[in-house]
Amino acid sequence: YQRRVHGVQDAYTLRCAPQVHGIVHDTLKFVRSVLSVEMNSATDNPMVFLGATHSEPAARVEPQAARTPKPEGVGQPSVEITDSESAKAEIGRLRAMLRDQSKPGWDLLKRSSSQKYHGTRGFIISGGNFHGEYPAKVLDYLAIAVQELANISERRIERLVNPVLSDLPAFLVAEGGLNSGFMIAHCTAAALTSENKTLVHPASADTLSTSAGKEDHVSMGGWAARKALEVVGNVEVVVGVELLAACQAIDFLRPLKTTPALEAVHAAVRAVVPRWDRDRFFQPDLEAVVRLLRSGRVRQVVAPFLTIPNARL
């Protein structure tokens, strides 16, 4: 439908939607793959491997080794690691040894592979598998990608409420002036979109040293996760405003019909939110349509109209 020709081509928010939305879907797929690995990983420290063998690398010639003896017990535990109790005993022995740095060969200990302690039935590795850099980076990436949905959605809302661009009643309501229609709803979407632009600053770009310099590089993954949740919640509201505005625009164009898929979406929305004929409290309507989005109902009604084989929504 078009009442008059506005130009040769549609604006980017319409014409480039597949590209903008597409990279968001690809990003979500990447983030899911990384987080799936991380959630199924062991993050203990030290890591105790019972009943396992560990192949040592080929022996290296240590210049210090010929003239500086290794501290007693380095590399070979005094107890056999067979269960959690023996592992605890070995950790205690190692801590006691590390407290006594006056023993001969301490320099060599610090330079050697002292982070591996072998028993006849297992071994211990002190490592950093707990470091949250992987989740932190992909959650920052997630927030940046999802925010783009709000960026492009807010601009489409502007095109719907602006009569110069839509040829529809200003702010999608009859009797403008007495009614403000979707004006404040658009302001809400714009405010949340702007808020997200601050929230998507990467948390993982920061680090602060703690624990007397031992934890001298941290991921800030906790803040990355909390920000990502806030961004997703804000985007849901922005998309909800667009969905309500689009359905209102369709109502103004009756008796014309849109595509079967969009007619199904319109029916799903109107089942929970009635048409706007005059101003009313907007929050209940917006909360209802956000619940509709979260429930997956919109995807459900669109799915039968997809013609792309094996398409995933």
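1. In this predicted model, helix H7 meets helix H8 through Ala185, His186, Thr188, Ala189, Leu192, Thr193, Glu195, Asn196 and Leu199, which touch Lys227, Glu230, Val231, Asn234, Val235, Val237, Val238 and Val241 on the H8 side. Sorted by class, this contact comprises nine nonpolar, five polar and three charged residues.

2. As for the geometry of that pair, H7 (residues 183-199) and H8 (residues 221-252) pack at an angle of about 155°, and their axes lie 9 Å apart. Because angles over 145 degrees count as roughly antiparallel, H7 is roughly antiparallel to H8, and the crossing of the two is left-handed.

3. A second pair is formed by H2 (residues 17-39) and H5 (residues 133-161), which pack at an angle of about 160° with their axes 9 Å apart. H2 is therefore roughly antiparallel to H5, and the crossing here is left-handed.

4. The residues that H2 brings to this contact include Val20, Val24, Leu28, Phe30 and Glu38, while those from H5 include Tyr134, Leu139, Leu142, Glu148 and Arg156. By class, the contact of H2 with H5 has 18 nonpolar, two polar and three charged residues.

5. On the cysteines, the structure holds zero disulfides. Cys16 is partly exposed, with a relative accessible area of 22%, and Cys187 also counts as partly exposed, at 44% relative accessibility.

Key. Residues numbered from 1 in each chain as written. Predicted model: local features only at pLDDT ≥ 70, side-chain atom pairs only at ≥ 80, totals over all residues. Heavy atoms only, no water. Axes fitted to C-alpha atoms, helices over the stretch in contact; angles between N-to-C directions. Helix = DSSP H or I, 4+ residues; strand = E, 2+ residues; numbered from the N terminus. Parallel < 35°, antiparallel > 145°, perpendicular 65-115°, else oblique. Left-handed = near helix turned anticlockwise from the far one by under 90°. Contact = heavy atoms within 4.5 Å. Nonpolar A, V, L, I, M, F, W, Y, C, P; charged D, E, K, R; others polar. Disulfide = S-S within 2.5 Å. Buried < 20%, exposed > 50% of the residue type's maximum accessible area, 1.4 Å probe, protein only.
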